[in-house]
Amino acid sequence: MSSIANILVVIAVVVLVVQRQMRVQRLDTERRFWLLPLVLGALALRDPQLVDHQHTAVSATLLVAGLVAVLAMGTVWGWTVRIWRAPDGGVLVKGTKATVAAWCGMIAVRIGLYAVGSALHVHQAGSTLMLGMAVLLLVRSVVVNWRARTLEPARTAAGLH
């Protein structure tokens, strides 16, 4: 895929994910939450320009720094989501203002890394964004699913488990 196509895919995923995060939704803990990150990651890793071969060390360092940042931000994002049990025992989730702040922080980090790369004349492919999005979504989903599994079971009308 071209860099423009990669960026458009990332923007579409961000819009979809943020829009869904800010609504109350039922969390299906049995769902294959890893599928979208796997597809995005596979598409990104197929790009031969993922690392700038004229500046391999700096490019790889920026890529690793970006992935470490998204690991951290994905974890933060997963902890900003409000999680609770519905009366029927299902798990509900909804993003908070802190979720929006986490997204803004991640965008600022990505812009900062892009600026550093540009200042060092490193070509940065759109696939790096896609790989970062894959890792971000996977880590966030792992955290949210783990948190959901640690919730207390719903209580019955008699107050019993």
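Predicted model: local features only at pLDDT ≥ 70, side-chain atom pairs only at ≥ 80, totals over all residues.
Helices (H or I, at least four residues) and strands (E, at least two) are DSSP runs, numbered from the N terminus. Residues are numbered from 1 along each chain as its sequence is written. Local features need pLDDT of at least 70 and side-chain atom pairs pLDDT 80 or more, while totals for chains, interfaces and linings use all residues; side-chain values use heavy atoms, without hydrogens or water.

At the start of helix 4, a side-chain oxygen of Thr96 comes to within 3.2 Å of the backbone nitrogen of Ala98. Buried residues (under 20% relative accessible area, 1.4 Å probe, protein chains only) in this helix are Thr99, Ala102, Trp103, Met106, Arg110, Leu113 and Gly117. After helix 4 comes His121, with a positive phi near 60°.

Turning to the sheet, three strands form an open arrangement in the order 1-3-2, with antiparallel pairing (strands pair if DSSP finds at least two bridges between them). Strand 1 (25-27) and strand 2 (82-85) are the edge strands, each pairing on one side only. Direction ignored, neighbouring strands of this sheet are turned by 40° against each other on average. Four bridges join strand 2 to strand 3 (residues 91-94) in the antiparallel sense, and Trp84 stands opposite Leu92 in strand 3.

Helix 5 (residues 126-149) lies across strand 1, strand 2 and strand 3, running at about 30° to strand 2; axes are lines fitted to C-alpha atoms, for helices over the stretch in contact, with angles from 0 to 180 degrees between N-to-C directions, and contact means heavy atoms within 4.5 Å.

Methods: Buried < 20%, exposed > 50% of the residue type's maximum accessible area, 1.4 Å probe, protein only. Polar contact = N/O pair within 3.5 Å; in protein donor to acceptor, adjacent residues only side chain to side chain.
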